[in-house]
Amino acid sequence: MDCGSCAATIRTALEKMPGVSDLRISITNETLSLRLGAGSSGVAAIDTQLSRLGYKPTLLTVPSTVSEAAPVAAPEAPRRWWTTSKGRVAITAGLLLAAAYAVGLVFPQASFAVFALATVIAVAPIAKRAVMAALAGAPFTIEMLMTIAAAGALFIGAIEEAAVVVFLFAVGEVLEGVAANKARSGIRALAALVPKTALLDDGGSVREVAAASLRIGQIALVRPGDRVPADGSVVAGFSSVDESPITGESMPKGKEPGAAIFAGSINQEAALRIKVERAPEDNTIARIVALVEEAQDAKAPTERFIDRFSRIYMPCIVGLSLLVAVLPPLFAGAEWSVWIYRGLTLLLIGCPCALVISVPAAIASSLSMAARRGLLVKGGAVVEALARTQIVAFDKTGTLTWGRPVVTDIVPGAANAGRLLALAGAVERESSHPLAEAIVARAQDDRAAKLVVSATRAIPGKGMEAFLGETPIFIGAPRFAAERAALPTEMADRIAALEAQGKTVVVVLEGEIVAGVIALRDEPRPDARAAIAELKALGLRAVMLTGDNRRTGEAIGGQLGIEVQAEMMPEAKVEAVRALRQAGHVVMVGDGINDAPALAAADAGIAMGSGTDVAIEAADAALLKSRVGDVVRLIRLSRATMANIRQNIVIALGLKLLFLVTTIIGATGLWIAVLADTGATVLVTLNALRLLGFFKGEDSPQATAPANRNFSPEHA
């Protein structure tokens with residue numbers, strides 16, 4: 001199942017079967033569950049019905065106990081698009097269309113027959129699905145609409161148009177399937193965050209076991225560089241742990257005995273022993289996967305406009321044509337040939353070719369224009385969802401900010417700024433910690449002197465130490481520095497002020513003398529403030545949802561002028577998005593694995609191109625240039641696209657309504673019907689092409705990463 005239309009057809013067909021109840025369909029997992037009651041025909045009848053609709057059902061075996069279940073049920077590997085039935089239809093339609101054009105050029109007299117044959121062959125599998133759906137109780141599907149459109153186009157002689165429309169429809173079906181498989185690959189990537197193996201400490205004897213076999217109460221050893229295999233708490237060891245894949249926290253967190261730790265996070269400095277407190281099927285990653293699946297399945301899919309409209313339009317046109325052809329001869333003694341002719345003309349005028357083309361043409365132009373600007377959108381339904389945006393929720397780290405720390409303040413103590421940077425750079429040069437890398441980069445940018453230190457070592461959870469000659473140099477958090485030297489009152493006050501701004505502060509000690517203080521923070525992207533202001537100008541509400549601590553979140557939020565909700569785990573972000581949806585249509589913008597459930601829970605999700613693959617696959621759109629301002633551009637383009645679609649519908653239906661009246665009174669004939677349909681098609685296509693110039697004249701600024709020299713002490 002690739003879309004809401006697939007699910008709707010299956011639901012309609014199965015609900016009409018005796019004994020079927022409690023029907024639940026998951027597009028994300030390509031599964032359905034139902035209850036078979038008394039009087040049902042059994043599983044075999046369900047299989048037969050699904051097979052008639054064009055699917056290949058497989059009965060799943062449900063594990064009888066929790067221990068038999070896989071920790072994370074990852075979907076099967078994605079199918080190559082050309083191996084699917086829809087892929088084969090698209091390839092066949094494309095080859096037939098190309099062959100028809102080639103034959104038409106060489107043998108013009110055979111052009112009609114060749115295009116007609118190409119259309120019939122290409123539309124046959126689509127027509128089969130339409131007929132099977134109709135027999136199952138769902139007559140007005142998108143497949144039925146396409147079948148009637150192709151037949152009508154052939155009947156009026158618009159042979160090339162018929163072949164092209166069928167080909168474009170087939171390509172659209174393939175792209176829909178590719179997008180669905182991409183979303184499923186995102187869930188597989190989430191599951192891959194949990195290591196396959198773990199080191200089990202069994203009474204001092206360490207052995208490698210499957211991570212899925214870990215049970216509550218067992219002790220696991222996590223070496224530097226390893227991913228944590230289970231949720232639990234630290235029982236021995238001091239180290240920094242990168243929790244950004246889970247919480248979105250931009251800085252690694254120090255872990256000591258008693259501290260909570262999450263599966264999928266990365267140990268950085270020293271060995272840790274953790275006590276398993278959650279079973280594998282209930283760990284953080286497994287719950288995030290479940291949240292993504294639940295949110296995607298709970299989100300009501302946007303029905304394609306044509307499919308929705310055809311449920312009313314097509315029966316009306318067919319019924320009206322029949323009445324026009326039959327009633328006057330039967331009840332007024334009119335001439336049968338005249339009114340049958342008028343009935344056929346009315347049916348041709350009602351041919352939905354223009355409607356079939358109008359919406360995809362606008363969507364195709366919009367998506368093409370967006371792609372040129374580095375805005376990738378996964379289909380027309382997403383454009384419609386973005387156009388209805390009322391609230392935009394942003395993640396902080398990596399979305400509104402760069403996602404990595406930079407030096408913002410240099411506060412000299414006993415040493416001047418140059419020597420302070422030289423001392424810090426010399427010690428931190430041998431560390432891979434993000435804070436250390438930021439300090440070294442700033443020292444290089446400021447051309448600080450290169451000092452040679454010896455015996456450099458990391459003090460797990462506390463800082464770094466080295467010797468400059470005989471003098472020990474220590475770099476670490478203020479509370480650990482205070483254990484080695486007394487901090488002057490003025491310096492302590494300055495540290496408190498910097499920390500109140502959400503900055504991470506490190507103290508540099510030269511012996512027992514405070515050389516100075518360096519402050520770092522993950523700074524906002526340069527266009528973030530302007531983008532949020534522009535969102536507000538469009539009448540939209542902007543909210544920041546972050547896993548960072550409240551102080552840091554509010555400091556960044558105040559700088560950008562945005563509402564802040566801080567200290568949020570993935571579950572809390574999902575709940576926040578759901579709460580916001582009660583107030584309006586919500587778009588979520590994020591970049592990390594921890595954002596994936598919230599991206600899926602929102603009415604539409606947008607991922608930054610610099611983010612993780614999981615976030616990009618869970619989202620409905622991606623910003624390749626990672627500019628916050630592109631969120632505004634995408635919403636503006638989506639609004640313009642929906643306005644264009646409404647214009648196209650008015651053009652297509654307006655012309656049909658006009659000629660419907662003239663046909664009934666006998667003022668127009670079959671050849672006018674052809675002109676009406678062709679003219680409407682040309683007009684809506686030209687109108688849709690206007691979207692290709694939507695961003696014409698706008699500049700295309702490039703967002704570049706901040707260099708440390710841009711953040712001088714004076715600027716900070």
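**Entry 1: salt bridges**

I began with charged side chains and found Asp-231, Arg-278 and Asp-282 linked in a network of salt bridges. I am working on a predicted model, so I keep that in mind for every entry. My count of salt bridges comes to 21.

Next I looked up Asp-202, which forms a salt bridge with Arg-207. The closest N and O atoms of this pair are 3.7 Å apart. Asp-202 is partly exposed, with a relative accessible area of 44%, and Arg-207 is partly exposed too, at 41%.

Then I turned to Arg-419 and Glu-510, whose side chains meet in a salt bridge at 2.7 Å, N to O. Arg-419 belongs to helix H14 (residues 417-428) and Glu-510 to strand E18, so this pair ties together parts that are 91 residues apart in sequence. I noted Arg-419 as partly exposed, with a relative accessible area of 33%. Glu-510 also counts as partly exposed, at 21% relative accessibility. That value stays in the partly exposed class because buried means under 20%.

My last pair was Asp-603 with Arg-581, where the closest N and O atoms are 2.9 Å apart. Asp-603 sits in the loop between helix H21 (596-601) and strand E23 (604-608), while Arg-581 is in helix H20 (residues 570-581). The two residues are 22 apart and link distant parts of the chain. Is Asp-603 buried or exposed? I found Asp-603 buried, with a relative accessible area of 14%.

**Entry 2: the six-stranded sheet**

I followed the strands of an open sheet and wrote down their order as E14-E19-E18-E17-E16-E15, with antiparallel pairing. Which strands stand at the edges? They are strand E14 (406-412) and strand E15 (454-459). Each has a single partner strand, so one side of each is left without a neighbour in the sheet. Neighbouring strands here are turned by 15 degrees against each other on average, direction ignored.

E14 pairs with strand E19 (residues 513-521) in the antiparallel sense, over six bridges. Val-406 has Arg-521 in E19 as its bridge partner. I also spotted helix H15 (residues 434-445) packing on the sheet, where it touches E14, strand E18 (504-510) and E19. The direction of H15 makes about 70 degrees with that of E14.

While on H15, I picked out Ala-438, which lies in this helix. Ala-438 counts as buried, at 6% relative accessibility. Its C-alpha atom is separated by 9.3 Å from that of Glu-428, a residue ten places apart from it along the chain.

**Entry 3: the seven-stranded sheet**

I found another open sheet, this one made of seven strands in the order E12-E24-E23-E22-E13-E20-E21, and its pairing is mixed. A reminder to myself: strands of a sheet pair through backbone hydrogen bonds, either parallel or antiparallel. The edges here are strand E12 (375-377) and strand E21 (563-565). With a single partner strand each, one side of each is left without a neighbour in the sheet. The twist averages 20 degrees from one strand to the next.

E12 and strand E24 (residues 621-623) pair in the antiparallel sense over three bridges. In this pair, I saw Leu-375 standing opposite Leu-623 in E24.

**Entry 4: nonpolar cores**

Which residues touch the most other members of the largest nonpolar core? They are Phe-394, Leu-400 and Ile-606, out of 46 residues in that core. The largest share, nine residues, comes from helix H23 (residues 629-664).

I listed contacts of Phe-394, leaving aside its neighbours within four places in sequence. Among them are Leu-400, Leu-535, Val-543, Met-588 and Val-631.

**Entry 5: confidence**

The protein averages a pLDDT of 79, and 79% of the residues score at least 70. Over residues 63-75 the pLDDT is below 50, and this stretch has 18 contacts in the model beyond near neighbours in sequence. Residues 700-705 also have a pLDDT below 50, with 13 contacts counted in that way. Where pLDDT is low, the predicted coordinates should not be read in detail.

Technical notes:
Residues numbered from 1 in each chain as written. Predicted model: local features only at pLDDT ≥ 70, side-chain atom pairs only at ≥ 80, totals over all residues. Heavy atoms only, no water. Pairing = 2+ DSSP bridges. Helix = DSSP H or I, 4+ residues; strand = E, 2+ residues; numbered from the N terminus. Axes fitted to C-alpha atoms, helices over the stretch in contact; angles between N-to-C directions. Contact = heavy atoms within 4.5 Å. pLDDT = per-residue confidence, 0-100. Core = buried A, V, L, I, M, F, W, Y, C linked by side-chain atoms within 4.5 Å. Buried < 20%, exposed > 50% of the residue type's maximum accessible area, 1.4 Å probe, protein only. Salt bridge = Lys/Arg side-chain N within 4 Å of Asp/Glu carboxyl O.
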